[in-house]
Amino acid sequence: MVATEIPSLVLGSSAGQRRMPVIGMGSAPDFTCKSDTKEAIVEAIKQGYRHFDTAAAYGSEQALGEAIKEAIELGLATREELFVTSKLWCTDNHPHLVLPALKRSLKTLQLEYLDLYLIHWPICAKPGKFSFPIDAEELMPLDLKGVWAAMEECQRLGLTRAVGVSNFSMKKLENLLSFATVPPAVNQVEMNLAWQQKKLRDFCKANGIIITAFSPLRKGASRGPNEAMDNDVVKEIADAHGKSSAQVCLRWLYEQGVTFVPKSYNKERMNQNLQIFDWSLTEEDYEKINQVKQQRLISGPTKPQLKDLYDKEN
């Protein structure tokens, strides 16, 4: 099997103009997934995947680290060819805890540096043990200025090549950009055919921030029918191109100039997800895609949910 060549985008504010492969492999917990994370990641590297997305909160850092170590020992890839993202959890979203949290992630991953380190959510919880969802009573005011200065310091120390955020609204990004010395390279957000994020995309593009789409196939926390994958319009487009619904969803994201991290540990689907670079959607396809009903799926990590988490940006 020949590994697929994957296009990449330059992260503007990264050290050494680091390139991020447009498609990565997500590793968020999915309780329907029985496969071994480590084996799946080694297989992904064999197929050509070079970008891997994890987080302190996912519980997958250790398996990812073991897989990378094995892949490098087998000569499948060098560390320099791989792009690894992890994220700072809300309980560590305090200026003095950022560096220790990153060092912990690096130790678990058995890596000397990350390619990208993200603030997982724009909220802060009392330091202490991890729990999900976070009890709203545990929340504290977020000192974003202090936390971001600590993130910048992590990049300056060479412990990460780039820093960014996740789940930030335009309003929150505007605030961050008003004082950041190193602007965020990436904003990782929910984005898929049924939550297209046009305004946020335009804002990020204008400010040189690359979007990474999580839930690109709208899987994960799905309740009821999957409005992206099971949508009749999407199925029609897929049939017309001789592709799968998943391939249509990912091709659309690629054409929007964003990066994306689908999660599949199935060998065939992993490979299918890479077969999106040698064909295009038509104007007619776009007319259909623009009619897909829009609804946010992920409402946040707290219980009860916060009303102003996304600043009512819909």
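Predicted model: local features only at pLDDT ≥ 70, side-chain atom pairs only at ≥ 80, totals over all residues.
I started at Val189, whose bridge partner in S12 is Ala213. Residues are numbered from 1 along each chain as its sequence is written, and side-chain values use heavy atoms, with hydrogens and water left out.

**Around S12.** I took helices (H or I, at least four residues) and strands (E, at least two) as DSSP runs, numbered from the N terminus. Strand S11 (residues 186-190) runs parallel to S12, and five bridges pair them; two strands count as paired if DSSP finds at least two bridges between them. On to S13: S12 is joined to it, also in parallel, by two bridges. There Ala213 has Phe260 as its bridge partner.

With helix H6 (residues 198-206), the two strands make a right-handed β-α-β unit. Right-handed here means that, with the strands pointing away from the viewer, the path from the first strand over the helix to the second runs clockwise.

Is S12 buried or exposed? Five of the five residues of S12 (residues 210-214) are buried, so the strand is largely enclosed by the rest of the structure. My cut-offs were under 20% relative accessible area for buried, over 50% for exposed and partly exposed in between (1.4 Å probe, protein chains only). Ile210, Thr212 and Phe214 cover one side, Ile211 and Ala213 the other.

**The whole sheet.** I traced an open sheet of eight strands, in the order S3-S4-S5-S6-S10-S11-S12-S13, with parallel pairing. S3 (25-26) and S13 (259-260) are the edges: each has a single partner strand, so one side of each is left without a neighbour in the sheet.

Next I looked at S4 (residues 51-53) and S5 (residues 83-88), which pair in parallel over three bridges. His51 has Phe83 in S5 as its bridge partner. Helix H3 (residues 98-109) packs on the sheet, touching S5 and strand S6 (116-119), and its direction makes about 135° with that of S5. For that angle, axes are lines fitted to C-alpha atoms, for helices over the stretch in contact, and angles run from 0 to 180 degrees between N-to-C directions.

**His94.** I found His94 in the loop between S5 and H3. His94 is buried, at 8% relative accessible area. Its side chain reaches the backbone oxygen of Ala125 at 2.8 Å. Leaving out residues up to four places away in sequence, His94 touches Cys124, Ala125, Lys126, Pro127, Met140 and Val147, with contact meaning heavy atoms within 4.5 Å.

Notes
Polar contact = N/O pair within 3.5 Å; in protein donor to acceptor, adjacent residues only side chain to side chain.
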